[in-house]
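Q: I'm new to this one. Can you walk me through what holds it together and where the gaps are?

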Amino acid sequence: MKHPDSLSIAEQMQVLQSREDVATWSLKHLGLPPEWRDTNEPGNTERCQEAVNRLFTLTRPDIEASLAAQDLQPEDLPPIRTETGLRDGSYFIAEGKDWEYYYQERGHPWAHAVFDDLTEARKLLLNDFIPIWLEHLRVPCRTKTGKVITEL
């Protein structure tokens, strides 16, 4: 159900692609108290979620269609790197017929998943792109070992 305050899909995608904190952005856009972003205070998590829900109505197919219209694949989104390196961050590396997605910190990979299906790997990349406030848009994906995950 579309809320009267909701943004257009293009505006919603612009915010997501900016990598701004969606809750902070939503509170500011709606003119609500910025202190509500402190989710250590009782009631603020619910207030932030309500603010996000008022503005962000996009669906998973909306995200996929918007990226396709921009000629972007999930691995093209920042901050994902597609070549090995020494910098901290997220890496999506093709290894023969497999794809490995992992985080790297201080030159050491951790929290990784290996995929033998690019479509399944891209599901996880999009899950990682979608902020926690929109986690209902995350979908399960199957790793090479058959394990079903929604996040690393």
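What follows is a chat about cores, salt bridges, a cavity and a pocket in this predicted model.

Q: Let's start inside. How many residues does the largest nonpolar core have?
A: The largest nonpolar core has 24 residues. Those with the most contacts inside it are Leu16, Phe56, Leu58, Ile63, Phe129 and Leu134.

Q: Which helices supply at least two residues of this core?
A: Helix 1 (9–18), helix 2 (22–29), helix 3 (44–55), helix 4 (60–69) and helix 5 each do.

Q: And what lies apart from that core?
A: Another core, of 12 residues. Trp99, Tyr101, Tyr103 and Ile149 are among them.

Q: Back to phenylalanine 56. What is it in contact with, leaving aside neighbours within four places in sequence?
A: Phenylalanine 56 is in contact with Leu7, Gln12, Val15, Leu16, Val22, Trp25, Ser26 and Leu134.

Q: New topic: how many salt bridges does the structure hold?
A: There are 8. One of them joins aspartate 21 and arginine 37. Their closest N and O atoms are 2.7 Å apart.

Q: Why does that pair tie parts together?
A: Because aspartate 21 sits in the loop between helix 1 and helix 2, while arginine 37 is in the loop between helix 2 and helix 3. Those parts are 16 residues apart in sequence.

Q: What relative accessibility do they have, starting with aspartate 21?
A: Aspartate 21 has 30%, so it counts as partly exposed. Arginine 37 has 25% and also counts as partly exposed.

Q: Which side chain does aspartate 117 meet in a salt bridge?
A: That of arginine 142, at 3.9 Å from N to O. The pair links distant parts of the chain, 25 residues apart. Aspartate 117 is in the loop between strand 4 (108–115) and helix 5. Arginine 142 is in strand 5 (residues 141–142).

Q: Is arginine 142 buried, exposed or partly exposed?
A: Arginine 142 is partly exposed, with a relative accessible area of 30%. Aspartate 117 counts as partly exposed too, at 27%.

Q: What about glutamate 151: which side chain does it meet in a salt bridge?
A: Glutamate 151 meets arginine 138, at 3.6 Å from N to O. Glutamate 151 lies in the segment after strand 6 (148–149), and arginine 138 in the loop between helix 5 and strand 5, so the pair ties together parts 13 residues apart in sequence.

Q: Is glutamate 151 buried or exposed?
A: Glutamate 151 is exposed, at 51% relative accessible area. Arginine 138, at 19%, is buried.

Q: Now the gaps. How many cavities of 30 Å³ or more are there?
A: The structure holds 1. The largest cavity has a volume of about 60 Å³.

Q: What lines the largest cavity?
A: Arg19, Pro74, Leu77, Pro78, Pro79, Ile80, Ser90, Tyr101, Leu125, Asp128 and Phe129. By class, that lining has 8 nonpolar, 1 polar and 2 charged residues. Helix 5 (residues 118–129) gives the most, with 3 residues.

Q: What volume does the largest pocket have?
A: About 210 Å³. The residues lining the largest pocket include Glu64, Asp71, Pro74, Arg122 and Lys123.

Q: Which elements give two or more residues to that pocket's lining?
A: Helix 4 and helix 5. Helix 5 gives the most, with 4 residues.

Q: Last one: how does the lining of the largest pocket divide by class?
A: The pocket lining has 5 nonpolar, 2 polar and 4 charged residues.

Definitions and conventions. Residues are numbered from 1 along each chain as its sequence is written. This is a predicted model: local features need pLDDT of at least 70, side-chain atom pairs count only at pLDDT 80 or more; totals for chains, interfaces and linings use all residues. Side-chain values use heavy atoms; hydrogens and water are left out. On a 1 Å grid over the protein atoms alone, a cavity is a set of points where a 1.4 Å probe fits but cannot get out, and a pocket is an open set with protein on both sides within 12 Å along at least five of seven lines; lining residues have an atom within 4 Å of a point. Grid points are joined across faces, edges and corners, and a volume is the space filled by probe spheres set on the points. Ala, Val, Leu, Ile, Met, Phe, Trp, Tyr, Cys and Pro count as nonpolar, Asp, Glu, Lys and Arg as charged, and the others, Gly among them, as polar. A nonpolar core is a set of buried Ala, Val, Leu, Ile, Met, Phe, Trp, Tyr and Cys residues joined through side-chain atoms within 4.5 Å. Buried means under 20% relative accessible area, exposed over 50%, partly exposed in between (1.4 Å probe, protein chains only). Contact means heavy atoms within 4.5 Å. A salt bridge is a side-chain nitrogen of Lys or Arg within 4 Å of a carboxyl oxygen of Asp or Glu.
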